[in-house]
Structure formats: structure tokens, C-alpha cells
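Thanks for coming. Please have the sequence and the model open.

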2 protein chains.
Amino acid sequence: MSDVDLIGIGLTKFAKHDNKTSRDLLAEALQEAITTVDKGINIRKDIKALFVGYFTPSLYEHQSHYGPLITEWFGLTGIPAFRTESACASSSSALATGYFAVASGVYDIVMICGVEKMTSLDTSGVTDALSIAADDIFELGTGITFPGLFALMAQEYFGKYGGSWEDLQAVTLKNHYNGSLNPKAQFQAEISAIAEKIAIKKGVTFKDELDFLNSKYNPPVAYPLRLFDCSPISDGAAVAFLANSEISNRFTDRPLHIKGIGLSTDTLSIAGRDDLTTSKATLKAAYMAYKMAGITPKDIEIAEVHDCFTINEIILSESLGFFKKGTGLAMAQKGITKIIGDQPINTDGGLKSKGHPVGATGIAMVNELWEQLRGEAGERQVKDNPRIGLTCNVGGSNASSMVFIFERGTN
Amino acid sequence: MSDVDLIGIGLTKFAKHDNKTSRDLLAEALQEAITTVDKGINIRKDIKALFVGYFTPSLYEHQSHYGPLITEWFGLTGIPAFRTESACASSSSALATGYFAVASGVYDIVMICGVEKMTSLDTSGVTDALSIAADDIFELGTGITFPGLFALMAQEYFGKYGGSWEDLQAVTLKNHYNGSLNPKAQFQAEISAIAEKIAIKKGVTFKDELDFLNSKYNPPVAYPLRLFDCSPISDGAAVAFLANSEISNRFTDRPLHIKGIGLSTDTLSIAGRDDLTTSKATLKAAYMAYKMAGITPKDIEIAEVHDCFTINEIILSESLGFFKKGTGLAMAQKGITKIIGDQPINTDGGLKSKGHPVGATGIAMVNELWEQLRGEAGERQVKDNPRIGLTCNVGGSNASSMVFIFERGTN
């Protein structure tokens with residue numbers, strides 16, 4: 001089995017991109033990705049296959065068969081192209097299948113893409129499009145959608161381990177702070193800044209950030225979760241290049257080495273699970289990734305963790321082994337997961353503040369590791385030159401979990 | 001790179017399955033697949049990952065995130081699961097990505113699934129669902145759908161190389177004859193039998209089969225193509241098992257060895273092509289597959305070729321190198337591609353008569369090779385124990401092409 005390196009990666013700003021199609025967004029991400037390859041890349045000559053994650057093009061753009069669409073758009077017609085779909089982990093599944101292809105020796109260099117153009121539908125349309133990541137027969141038939149599914153997890157967590165919605169706001173506050181430092185983030189504003197803006201506009205006052213988050217300006221979505229507990233509707237794209245480690249020095253002296261990979265599933269329907277406060281798929285995926293990498297959770301210096309809802313950052317931070325069961329919430333409150341904390345999580349603002357264009361999210365997480373592990377994260381840079389990082393990208397209500405461990409390499 | 005073997009495969013009947021969901025169909029295919037593994041398989045113990053091709057679950061069943069749905073349904077929750085989508089080549093892309101995963105050494109045994117539950121929509125709905133395999137902006141915007149795209153190919157073929165719609169009926173007649181011998185086929189009837197039935201029902205007479213095919217009972221769809229030039233709307237599922245060749249003898253002494261694989265793309269929109277009578281993606285895919293297998297087209301004893309429309313069997317039979325450019329139609333008329341001919345094509349009835357549940361088609365093609373190369377094809381059996389066969393499964397208007405070469409092996 002060949003080793004595999006990440007040799008370049010690019011990302012659009014996550015936002016509502018009114019006048020751009022998904023293909024426009026991918027072209028933008030590609031242009032940036034090309035500039036990140038230290039010694040340059042000629043995509044027409046070098047790229048042997050393309051893997052693209054896009055969760056629901058059929059509903060957002062009345063489009064499917066997205067592989068050859070993008071090879072044509074990129075001037076790469078002729079190379080093989082595959083679309084992969086694993087709900088919100090769609091681009092991680094593109095990364096995984098692209099990894100298999102390079103590890104097998106079939107291709108030496110491949111391109112991984114992720115994209116979602118969500119704002120072409122209204123909120124009701126997007127809610128419906130997202131809902132098909134759950135089980136249509138056994139879940140959607142009851143009327144539940146994703147905020148409701150994660151609200152059940154939050155209720156069970158608080159019931160089992162204590163803690164409250166107020167405690168959970170540590171995640172909201174942290175991720176909005178981190179997002180305020182990220183020029184690619186959809187919401188580049190701390191909660192205090194958002195509160196101040198609303199206070200001025202509405203002629204009201206808030207005692208503090210929590211007073212704002214507890215007000216009618218942060219309306220309930222599904223008890224106990226409120227608006228600012230939910231990741232937003234976003235447009236965005238990301239593109240990455242993988243190369244066989246034996247030849248990656250043609251492109252860079254500072255690749256990120258894929259040191260571990262773990263992939264697992266849980267029941268699609270949460271009715272099949274005996275504990276909503278643990279992601280069993282993540283437990284298994286993380287175990288496999290750590291084992292392959294020959295490390296333990298303690299070795300992870302920075303992590304990107306799928307905070308589609310605030311509660312999920314807590315649940316996953318425990319399932320990944322960073323914190324013991326039931327202690328993740330307290331750790332977030334103590335500031336351990338801040339950029340300056342001992343276990344930094346979602347330094348880019350996370351899905352919560354950076355945005356969550358579903359199919360792009362997995363590669364966007366990897367983009368943050370690229371910047372952090374190479375010391376290029378600017379104001380968000382984690383101290384002491386982190387060398388090893390992890391991404392955990394899940395699909396649906398954690399029914400798919402994909403974990404990757406990257407290590408800064410030298411060629 | 002590890003070698004990869006096919007160790008078992010199963011297929012539902014292709015039909016309108018009114019009271020079954022796609023998951024029911026896959027369970028049925030799985031049950032058959034298990035029985036084909038000569039020495040038995042324990043899927044809970046043996047299967048390490050699942051790859052499933054389903055083109056448009058979002059529109060047919062308001063469902064996506066189909067990987068963990070099926071691992072749950074099969075009692076395999078926990079193993080990694082991926083959905084791949086390449087339009088009508090969706091299950092061939094599952095086969096390709098599953099192949100990469102086994103060839104890389106990451107997994108030793110994987111399950112490949114393909115399924116489509118199309119009849120939940122009416123004809124207009126299915127036409128719309130299929131249309132998203134073409135370019136929404138540059139093709140569908142003009143009002144064209146798939147019969148129109150392939151009709152343009154037929155017109156260009158007749159214009160360039162001569163021949164007529166009447167000549168093309170050699171494909172219709174052959175594939176319906178072959179389908180009449182296939183218990184899994186949607187239409188198990190020769191054209192003569194269908195003509196006779198209609199003659200009795202309507203109180204009319206037909207001179208011969210061509211007289212029937214030229215009548216109002218075979219209405220025009222897109223000139224020059226008529227109803228019987230088009231594959232039908234179908235429900236169906238297929239399941240296959242791949243294993244690392246080093247351990248496949250645990251399961252069978254008679255695997256099919258994957259000897260060659262070739263994957264390529266063309267422009268998604270036909271406007272980007274300079275010749276509609278050649279599938280450039282298939283030319284490239286076939287070249288790669290032959291090269292990897294170390295053989296030439298002359299070595300292929302039996303082939304499954306994507307006849308979504310009759311004209312495409314002709315075009316692809318040339319692009320695959322079986323016949324020189326412009327001679328494929330004459331070869332079909334001469335009977336060369338019949339079961340008893342020198343170059344048998346679509347012995348199972350092809351998409352035309354067997355049916356075309358889009359996501360299941362690629363694996364269904366492989367199923368026919370399994371039966372033929374193992375000498376288990378009954379009345380359809382090609383003479384002289386064929387040893388090497390090929391599948392060519394395309395997506396959309398040949399924008400994706402995936403070619404696999406199988407050889408009967410011994411363990």
C-alpha cells in the first residue's frame with residue numbers, strides 16, 4: 001500500500017453566493033488550490049482522476065452526473081471522475097475513495113473536490129433537501145428534521161451528565177470568536193459584536209453575550225437548541241490534491257502526510273441506537289485512525305470536529321477520545337478547546353461560524369489543518385507549531401463518520 | 001497493488017416492483033448473491049466495507065445518505081459505506097472505487113451494490129429524473145432529454161456511414177430474443193411474440209417483425225428512434241462481492257479475476273464533442289483496460305455493452321474496438337453479435353430487453369459475465385466455454401465510460 005500526501009488545497013469564502021453556480025465556486029477553489037502547491041502543478045498533465053463530493057445537486061441545481069461536469073469545466077475531460085455522497089461527509093468520502101485510488105497505486109495524483117450550492121432554495125427547501133440524510137421511512141415519517149434529531153441528543157446529554165443550554169454556549173462563543181479571525185468564514189463576528197449590532201438596531205440593551213443569546217433575537221429552533229446553536233445555510237467549494245508520497249516532493253517540500261484514516265457507520269435512524277450521547281461510528285472511526293497512525297488522542301494537537309449543532313462538538317470531542325464521557329461540556333466551558341487552550345477545536349470557526357456548505361465541509365476542515373500545521377493560519381495560528389491534526393466529518397445524525405489524521409511532513 | 005477477484009453476485013428480476021422499496025430489492029439481491037459464493041460467506045464477519053451505486057434516490061424515494069441506510073438494513077452497521085454516483089454508470093463507479101479499496105490493501109473483502117427504484121414516479125417524472133445526467137445549463141435549457149440526445153447520434157451515424165433505422169432493428173430483434181431466454185429480464189419476449197399479441201388484441205395483421213416495428217404500435221420517440229429503440233423504466237437491484245485474490249480461495253475455486261479496468265470521461269454536454277458517432281470516453285477506457293489486461297479486443301469472447309438506446313450498442317461496439325468505425329451496424333445485421341455469433345453482445349437481453357434500473361445496470365452486466373464465464377447461463381450460454389469477457393457501462397450521453405475485463409480464474 002502506497003503512502004499518500006496532501007500537496008495543496010484551496011477554499012472559497014463560505015457565504016451566500018448569489019450569482020455563482022457550484023461550478024463557478026469550484027473553479028474559484030481550484031484557482032486557490034493551484035497557488036498553494038509550493039513547486040507548482042500543471043493540472044492537465046498531473047491530475048489522473050477526480051473525486052467530487054456534493055450531497056444534493058439534484059435538488060439545489062437540478063443536476064447530477066457531477067463528475068464529468070467538473071472534469072469538463074476544469075478542462076480535464078478524459079480523466080476518470082466520480083461523485084461520492086455521504087450526506088454532510090460527502091467530501092470526506094471523496095477524500096477516502098481518492099485515498100484508496102492513490103494508495104492502490106492505480107493513480108499517482110488525484111484531485112478531491114467538495115461543493116454545495118444551497119442558497120438556490122429557500123429555508124424550507126433547504127430543510128427538505130437536508131432531511132434526506134435521515135431515514136425517509138423511519139424518521140422523516142414522524143415529522144422530525146435535523147435540528148430535532150440533535151435536540152434529542154442535547155436533551156439526553158444534559159439528562160445523563162448534567163449541564164444546560166447555557167453551558168453549551170461556550171461552543172457558540174468560541175466558534176464565533178474563531179470565525180471572527182477567519183477571512184473565509186460566513187460570520188466573521190464575535191457574538192458580542194452581533195449583540196451590539198442588534199442592540200443598536202432594535203434600541204435594546206443586553207447585559208452580556210448570554211443575555212443576548214437568551215433573548216428573542218436568538219429564537220428557539222428545537223428545544224433546547226436555538227438559532228445560534230445551528231450551523232447556517234451556505235454556499236462554498238473546496239479543492240485538494242493528493243499525491244503518492246514517493247513523488248510528492250515534485251510538488252512540495254512540506255506536504256501533509258495522511259497518517260491515519262478511519263471510516264465507520266452507525267444506524268441511519270437514531271431509533272436503532274441505545275445511546276444518543278455517544279457517536280459509535282466516531283468511536284470506531286477514531287480507533288481505526290489512531291491505530292493506523294500509531295498514536296493516541298493525546299497526540300492530536302489540533303482538531304476540526306463536525307459542529308453542525310453545538311451539542312455535536314461536545315459529543316464528538318468525547319467520542320474522539322479527547323475527553324472522558326460526560327466531561328466534554330465542562331472542558332469547553334474551561335476554555336480547553338479554544339485556540340489558546342490545550343486541545344484546540346475548530347480554530348477556523350467550525351461549521352457554526354465558518355459556514356456549512358455540506359459537500360465542501362470535509363475538505364474545508366482539511367484546509368484548516370493545512371494552514372495550521374504549516375504555520376500559515378495567521379491570527380488563528382495555534383502556538384508551538386502543531387505537527388499532528390485530525391478532522392472528524394460526519395454525515396446526518398452521525399450515521400457516517402470519517403476521521404483523518406494528518407502530520408506535517410518533510411520531503 | 002493487490003489483485004482483485006469477484007467471488008459472488010446476485011440480481012433481482014428487473015421489473016415494475018410495485019410493493020417494494022429499493023432496500024427491499026437490495027435485500028433480495030443480497031440473498032441471491034450469498035448463495036452464489038461456492039464455499040459460503042458470512043457477511044457480518046467477512047465484509048469490511050460497502051459501496052453502493054444509486055443514481056437518483058433523492059427524486060425516486062426522497063432519500064439520500066444511502067450508504068449507512070444499507071449497512072443498517074443488511075445488519076452491517078459499523079462498516080464504512082459509500083454511495084457513488086455516475087448517472088447510469090453509478091454501480092460501475094461503486095465497482096471501481098471498491099476495486100481501489102481492495103487493490104490498496106485497506107480492505108480484503110467488500111460488497112458492491114447497485115439499485116434504482118424508478119417506477120415510483122410517472123413517465124414524466126422519470127424523464128426529468130434521468131435528465132439531470134445531462135448538463136442542466138447547456139443542454140436541458142434547450143429542452144432536449146436523453147432520447148433526443150441519442151437520436152442525434154443515430155442521425156449523425158446514418159449520415160456519415162449509411163444505414164437506416166430499419167438496419168438498427170437488428171439490435172432490437174437480437175436483444176429481445178436474448179431477453180426471452182433470461183428469467184430475470186423485464187421483457188421475456190421476442191419481438192415476434194409481442195407483435196403477435198398486439199395483432200390479436202387489436203385485430204390487425206403484420207407481415208413480419210419489421211412491419212410491426214414500423215407500425216403505429218411502435219411510436220416515434222425522437223426521430224429516428226422509436227419506442228422499441230429505448231430501454232424501459234425499471235426497478236431492480238444487484239449485489240456483488242470482491243475479494244483480494246490472495247484470499248479469494250476461502251470463498252470459491254472459480255472466481256472471476258478482474259483482469260483490466262479502464263475509466264474515462266467525455267464532455268458532459270454533447271455540444272463539446274466533434275464526433276457524436278464515437279464515444280471518446282469509451283475509446284480511452286477500453287484502451288486502458290486492454291493495456292492493463294495485456295490483451296486486445298479480439299480476445300474478448302463475450303461483452304455486455306450499454307444499449308440504453310439501440311444506436312448506442314452500435315457506437316460502443318465500435319469504440320470498444322470489436323468492429324471498425326462505421327461497420328458496427330453491418331456486423332449486427334450479419335448476426336455477428338448474436339449468442340451464436342463470433343462476437344456475442346448483450347446475451348442477457350441488454351438494457352433494451354432485460355431492463356435498465358439505472359444504478360443496478362453496471363453490476364447486472366457483471367452478473368451476466370459471471371454466469372457465462374462459469375458456464376451457468378443455461379439457454380443463453382455462449383458456446384466453447386468463454387474465458388474472458390468485458391462490460392462497458394456508460395453514464396448519460398457517454399460522458400462517463402467504465403470498462404471492466406473479467407477472466408475466469410482457478411484457485
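First a definition: two residues are in contact if their C-beta atoms, placed from the backbone, lie within 7 Å. Next, some housekeeping. This is a predicted model, in which local features need pLDDT of at least 70 and side-chain atom pairs count only at pLDDT 80 or more, while totals for chains, interfaces and linings use all residues. Residues are numbered from 1 along each chain as its sequence is written, and chains are lettered from A and ligands numbered from 1 in the order in which they are written.

Now, which residues does C392(B) touch? Leaving out residues up to four places away in sequence, the list is T282(B), A303(B), V305(B), H306(B), L316(B), L320(B), S401(B) and V403(B).

Is C392(B) buried or exposed? A residue is buried if 20 or more other C-beta atoms lie within 10 Å of its own, exposed if 12 or fewer, and partly exposed in between, again with C-beta atoms placed from the backbone. C392(B) has 30 C-beta neighbours inside 10 Å, so it counts as buried.

C392(B) belongs to strand 10 of chain B, residues 388-395. Helices (H or I, at least four residues) and strands (E, at least two) are DSSP runs, numbered from the N terminus. In strand 10 of chain B, eight of the eight residues are buried, so the strand is largely enclosed by the rest of the structure. Both of its faces are covered: I388(B), L390(B), C392(B) and V394(B) lie on one side, and G389(B), T391(B), N393(B) and G395(B) on the other.

What does strand 10 of chain B pair with? Two strands pair if DSSP finds at least two bridges between them. Strand 9 of chain B, residues 302-305, runs parallel to strand 10 of chain B, with four bridges; here V305(B) has C392(B) as its bridge partner. Strand 11 of chain B, residues 400-408, is antiparallel to strand 10 of chain B and joined to it by eight bridges. One bridge there links L390(B) with I405(B). The hairpin of strands 10 and 11 of chain B has four residues between the strands, and G396(B) takes a positive phi near 60° in it.

Moving to chain A as a whole, there are 15 helices and eleven strands. The radius of gyration, taken over C-alpha atoms, is compared with a globule rule of 2.2 Å times the number of residues to the power 0.38. For chain A the radius is 20 Å, close to the 22 Å that the rule gives for 411 residues, so chain A is as compact as a globular protein of that length. Of those 411 residues, 63% count as buried.

Last, the two chains together. Their contact takes 50 residues from chain A and 50 residues from chain B. Strand 3 of chain A pairs with strand 3 of chain B, residues 81-85, in the antiparallel sense over three bridges, and T84(A) stands opposite T84(B).

How are the copies related? Superposed by least squares on the C-alpha atoms of residues with pLDDT of at least 70 in both, chain A can be laid on chain B with an RMSD of 0.0 Å by a turn of 180° and a shift of 0.0 Å along the axis. That is the relation of a two-fold axis. The same surface serves both copies, as 100% of the contact residues of chain A recur in chain B. Within chain A, S104(A) comes closest to the rotation axis, its C-alpha being at 1.7 Å.
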